[in-house]
Every structure is written in structure tokens, then in C-alpha cells.
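The stops below are meant to be followed in order.

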Amino acid sequence: MSVALFRIDDRLIHGQVVVGWGQTLGIGFIVLVDDEVRSSDWEQELYRMGVPPQVSVVFTSVPEAAEQMAAWQADHRKGIVLTGDVETMARLVQVTNGAVASVNVGGVHYREGRKERLRYVYLNDDEAETLRTIGSSGADVTAQDVPTGTRVSLAEFLA
Amino acid sequence: MSEQLTGIVLAHVDVAAALVSAVQAIAGTDHGLAPVSNAGCDRAALSARLDAAIAGRATLIFADMPGGSCAFSAASYARGHGKVRVVTGVNLAMLLDFAFHRDQSLEEAAARALETGRSSVTVMGGGA
């Protein structure tokens, strides 16, 4: 079964992930790859509160995620691996060497310097370039906020 | 008399504005509640939105669902601000009750919101 979704979402573990994708995919685990949350027991506790008890939640750094990726891919349950930004996903793709076959851009919201690409995707030029790099490394990069939404290709939303 | 509490309704998309409008329609204008939406916000932007709405006042935040981005932001914000508490699972009954009981401590108001909100969830009617 393994990792069913690699997602970039700056709201991290929240309703769209747990309810929208989680219920649709029937997931058994969520991995949040985020250095800040990894180092905060309090935030981890908070994020666990939002997840049903039957779904395991794992908090890791990028190197830790790289070490555990093979185990997650062999897991009999389906899982979601999340990063809070484009750059962290790029590092994950790089260090896991082909393990990330596709990347879902699920939510990158407005900040100064970012330009609207889709209603839920705002990117500055560096972030857009980083996504192109992820795409050219072989991963299929698409944007889609919720399972019932339209999947938009990288070429389309960066056009 | 102590400072009247402020209430912030923090919810997805248009829910907060709709709830505050409903309170206004039922209770009148002096309800002490303001809506904040998470629309278009990442965590930092939502925290900034909350900060502007709270403006240093003693505030009870009514967030929508535990486990959602609104509740996370509210809980993170409250951790760094002593005069802020958070309840989740906002409903109209708890907001209406708050509108008429703003002259309380934050702890009292939070406990009261919990009780009112919970007791307003019922099963009614039924039968063939």
C-alpha cells in the first residue's frame, strides 16, 4: 500500500489532509516532515489531537524521513507524507532518490513576494523554479487541494 | 467591573462571518464578537489576522473544529498570550450565551462556553 500521497501544504496536518484526503484514501499513517514541529513536543501534541486515534502520526526531519522511507513504502497501510513548504519537499525528493514518484501541491498561501498561480497556490520565482527542478528530476508534480478538485499539471499552473 | 471580554469566532471560509451575523440578528449589535476567516492564510498569516482582531484585549476565541487549521492557530496564539483562551466546536448557542455574559473571567467564560455548547447538541424529534 505504502505512501499514497506526497503533499506540500503550509497548513500542515489539518482538515483537508485528515478528512479530505485521509478519508478518501483510507490512510493509516501521516508523516509530517518539518524541522520546527519535529523539535516541539507541544506542537506535536496539538497536531496529534486533530487526527483520529487509528491513524499514526510521525514527526521527522528530512534525514530521518530519508532513513524511514523504505519502511513507509513497504507499510501495509496507506500513508500521507507532508511538508510545509516547497524547499523541504525538494530536499526530501533529492535525498530519497526516486522514492517520491509524484508530488501534490496542496496549499501554499499568499505571502509577500508570491504570485497567484491557483486559488490555493502562491509561489515566488524561486519556489516555482524549485518545483520545476522536482519535476525534471522525474517526479510528477501536480496541484490539487482536495480529492474532488481538478488536478492541475505543473506546466499548466506555472504557465 | 472587570473588562468586558471580547470574542473572536475563527472558522473556515465564511462560517465565522455567518455565525456573527446570526448572533447580531438574534441578540442585537452589542455582542462583543468579531469574525476571522482562515481563507487564503497560511499559519503565519492567520496568526497575524488573529493578532489584529484581538488587539491586546482579553479574548475568548471560538474556533470551529478541533484538528483544523483554525483551532491550531488559535491554540498556538493562546500559548504566547496570557489573556487569550480557546474553545473549539463553536455553535450558535454558545455564542449567544457569550454575548450576554461577557463580564466574567476568561476561565469562567471558557467553561461556560463548553457547557452551553455541549448541552446544545441534542437529538430531537424522530419516531415514525
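Predicted model: local features only at pLDDT ≥ 70, side-chain atom pairs only at ≥ 80, totals over all residues.

**Stop 1: chain A as a whole**

Along the principal axes, the C-alpha atoms of chain A occupy a box of roughly 40 × 30 × 30 Å. Of the 159 residues in chain A, 40% are buried. Among contacts in chain A with a separation of 6 or more, 71% join residues 24 or more positions apart.

**Stop 2: a helix pair in chain A**

Next, select residues 62–74 of chain A, which form helix α4, together with residues 86–96 of chain A, which form helix α5. At what angle do these two helices pack? The angle is about 40 degrees, and the axes lie 9 Å apart. The arrangement of α4(A) relative to α5(A) is therefore oblique, and their crossing is right-handed. To see the contact itself, show side chains for A:V62, A:A65, A:A66 and A:M69 on α4(A), and for A:T88, A:R91, A:L92, A:V95 and A:T96 on α5(A). Coloured by class, this contact of α4(A) with α5(A) displays 6 nonpolar, 2 polar and 1 charged residues.

**Stop 3: a residue in strand β3 of chain A**

Now centre the view on A:F59, which belongs to strand β3 (residues 56–60) of chain A. Is A:F59 buried or exposed? A:F59 has 22 C-beta neighbours inside 10 Å and therefore counts as buried. Leaving aside neighbours within four places in sequence, the contacts of A:F59 are A:L32, A:V37, A:R38 and A:Q44.

**Stop 4: a helix pair in chain B**

Move to chain B and select helix α2 (residues 43–54) and helix α3 (residues 69–79) of that chain. These helices pack at about 60 degrees, with 10 Å between their axes. The crossing of α2(B) and α3(B) is right-handed. On α2(B), the contact involves B:R43, B:L46, B:S47 and B:L50; on α3(B), it involves B:S69, B:S73, B:A74, B:S76 and B:Y77. By class, the residues of this contact between α2(B) and α3(B) are 4 nonpolar, 4 polar and 1 charged.

**Stop 5: where the chains meet**

Display both chains together. How many residues of chain A are in contact with chain B? The contact joins 12 residues of chain A to 12 residues of chain B. On the side of chain A that touches chain B, the elements giving two or more residues are α1 (15–25) and α3 (41–49) of chain A. That side of chain A comprises 5 nonpolar, 4 polar and 3 charged residues.

Finish by selecting A:R111, located in the loop between β5 (102–107) and β6 (115–118) of chain A. With 15 C-beta neighbours inside 10 Å, A:R111 counts as partly exposed. Apart from neighbours within four places in sequence, A:R111 is in contact with A:Y122 and B:D42. The C-alpha atoms of A:R111 and A:Y122 are 7.6 Å apart, and the two residues are 11 residues apart in sequence.

Terms used
Residues numbered from 1 in each chain as written. Chains lettered and ligands numbered in written order. Contact = placed C-beta atoms within 7 Å. Helix = DSSP H or I, 4+ residues; strand = E, 2+ residues; numbered from the N terminus. Nonpolar A, V, L, I, M, F, W, Y, C, P; charged D, E, K, R; others polar. Axes fitted to C-alpha atoms, helices over the stretch in contact; angles between N-to-C directions. Parallel < 35°, antiparallel > 145°, perpendicular 65-115°, else oblique. Left-handed = near helix turned anticlockwise from the far one by under 90°. Buried ≥ 20, exposed ≤ 12 C-beta atoms within 10 Å, placed from the backbone.
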